[in-house]
Amino acid sequence: MAPPKSKMPLAKRLGALYALLTKSSDTIASSSPEAVLAKLLEMLKQASPALRLAITFSTPIILLYSALSKYGAVVYSFMALKRYIRSKVTSQIKIGASHPLQRQVMAWLAQHALKDAHTLALADSAETQSSRQLSRFAMIYGEEAVKPRDEDEDDKKDELVYVPDIGSYTFWFGGYKMRFERRVHSTPTATASGLTVPAQEQDTIVLSCLSFFAGATPLQRFLEHVKNSNVDTDQAMTKIFRPAAAAARHSPYSLGAQSTYTMGWDSGISRPKRKLDAVTLDSKVQGPLIKDIQDYLDPRTKLWYISNSIPYRKGVLLYGPPGTGKTSFAAALAGEYGLNVYLLNLSSNKLTDHTLEELFEQLPSKCIVLLEDIDSAGVKREDMREPVRRVKLSKRKSQMMTPDAGMQPGLFSNAGATMMSTVSAQRSSVTLSGLLNVLDGVRAAEGRIVLLTSNNPDSLDKALVRPGRIDKKVLFGNASHEVATKMFTRIFSKSPPQLLEGEQRFDNIADLAKQFADQIPLDTVSPALIQCHLLGHRTDPNAALAATPVFVADILEEKRRGTNVANFEAGLGARPETQERADSPASSAESRKTSQDLGDESTEESEETDEEDDEEDLSQVMGLEMA
Ligand SMILES: Nc1ncnc2c1ncn2[C@@H]1O[C@H](COP(=O)(O)OP(=O)(O)OP(=O)(O)O)[C@@H](O)[C@H]1O
């Protein structure tokens, strides 16, 4: 039977409990800790065997933990002190993804400091490019630790180049142990002016080094070293930049800061410099033009402009038939004066007045801005802008056309070519006032040289080419006697190391060149065609000379018939009539109609393709053909 429940009121019960606790605490206070613990354990042991077991195991652990935590505080304090001291003697430099030096540092490390690294990553093409540049530099200047490369090694597109993977590495430089850390983070999706930029993974690298008294100097020296390696390499290269959407670009001028621009310049591609004498021009054209540019670039000229409050800018229009060296000259000029080239294709439907302005704002003070085929870019006054599609000729297609076909007074061959070629429709969103604004508006960059090329200068708006905007207009004509002579001489005058096996050296090149030039009708054949003909017999000037009458006769015949001269460039002979017809306006109009019938999407696609074709052509002339 259960004992009857106590009827003691709550207040009394609490009072009793209080008295018991006070008494026990007095007992505890008067006993030693060991006695209290022993008593407690005794009580618990009697309470339950399971509890006794638990206590037996847990007590030593608890005692050990409390002992260690006493020392843990010491360890923690020591670590904090170490961190503090380290922060006082460690210097650190962070390099954001958009800074061009980041790639160069990776490339440098790939070649010099990764021998012992366990985790590596394969470099992307840009890193590979930097790495190759550095190698070439090392080869030229005899820097150690880089094996010499074959001349043609740069062409190995599939060469594997390693860079540090995500993580940290240590290396030595200038007697200091340095730490390199590569981190990757995603940039948030940004929306600016309606342009949605997809999130992108971006690299950040952090360089640090323990330097008690030198501060950040060792790191700065290291970066200087890497940069100088590249600067010297760059002396043999011309960099070519093209527009890129906000997140994809790596503007060298944004220094990692998130820019508000929707359009910027890409990270650029490096191409071997082209020499001025590789572009053969009449001396009466070349001399004054180069002198003019040279004078303009002289620092004294800049001072003079500033002191006279005249905007320090230059605009030059290079006009003439296709294949006369306008683009090549722009590339050579850049190479000669160590300027970078900023390529703009105004017919790109990605460009608007606003983005064009943004791009000009981001130009460095000394550079060449190349606006190619300005006449076919379709830039018009706002009130003249057609609501429908504009006919646009891609450069490659233009070169497939007969130079004289459909020629009107004042127009060079592209105009005729436009009538005959495969055409593509494209809209230009840049207006004339937008273009004029960037050329001479208040925000236009000072010090740059704007080169415009055109096959059809008469179609250009007078406002665009008026003095002040365009200071000089230079005709690049078909080959004169002088140009033909110079081209023959340049191609066949070889020094002994340039001779192939079994190839002989000719001492009578001057004589052969004159005989060659005598056969070239004046102002009729483009230097591009001449170059192509001569290169077809690159090792044998006599063969080139012997083949010249047929070459000239074929060109004259093709011109008379109004068919395609470009086949000679490819060395293919006359083009089949059927193919010619396939390129006719009728068939292209039909295909255009078909593509329109298929819907906007397919037309847009062809626009993109044409745009890419144009850029590819241009890059080839600017870059690959420069090599
Ligand atoms: N005057 C020249 N001297 C040496 N090579 C030339 C010359 N003109 C053209 N070429 C060669 O012809 C090719 C095409 O030249 P380029 O693109 O510079 O001509 P362009 O006048 O700009 O043509 P387009 O008007 O079609 O743009 C290049 O590979 C270049 O090497």
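This is a predicted model: local features need pLDDT of at least 70, side-chain atom pairs count only at pLDDT 80 or more; totals for chains, interfaces and linings use all residues.

Visitor: Is Leu-10 buried or exposed?

Guide: A residue counts as exposed when its relative accessible area is over 50%. For Leu-10 the relative accessible area is 59%, so Leu-10 is exposed.

Visitor: Which helices do the buried residues of H16 pack against?

Guide: In helix H16, which spans residues 509-519, Ile-509, Leu-512, Ala-513, Phe-516 and Ala-517 are buried. Because these buried residues fall within an arc of 135 degrees when seen down the axis of H16, they line one face of the helix. The helices that the buried residues of H16 pack against are H15 (481-492), H17 (527-535) and H18 (541-561).

Visitor: Which residue in S19 stands opposite Tyr-319?

Guide: Strand S13, made of residues 314-319, is mostly covered, with five of its six residues buried. S13 pairs in the parallel sense with strand S18 (residues 449-454) over six bridges, and in that pairing Leu-317 stands opposite Leu-452. S13 also runs parallel to strand S19 (residues 472-475), to which four bridges join it. In S19, the residue opposite Tyr-319 is Leu-475.

Technical notes. Residues are numbered from 1 along each chain as its sequence is written. Side-chain values use heavy atoms; hydrogens and water are left out. Buried means under 20% relative accessible area, exposed over 50%, partly exposed in between (1.4 Å probe, protein chains only). Helices (H or I, at least four residues) and strands (E, at least two) are DSSP runs, numbered from the N terminus. The arc is that of the directions from the helix axis to the C-beta atoms. Contact means heavy atoms within 4.5 Å. Two strands pair if DSSP finds at least two bridges between them.
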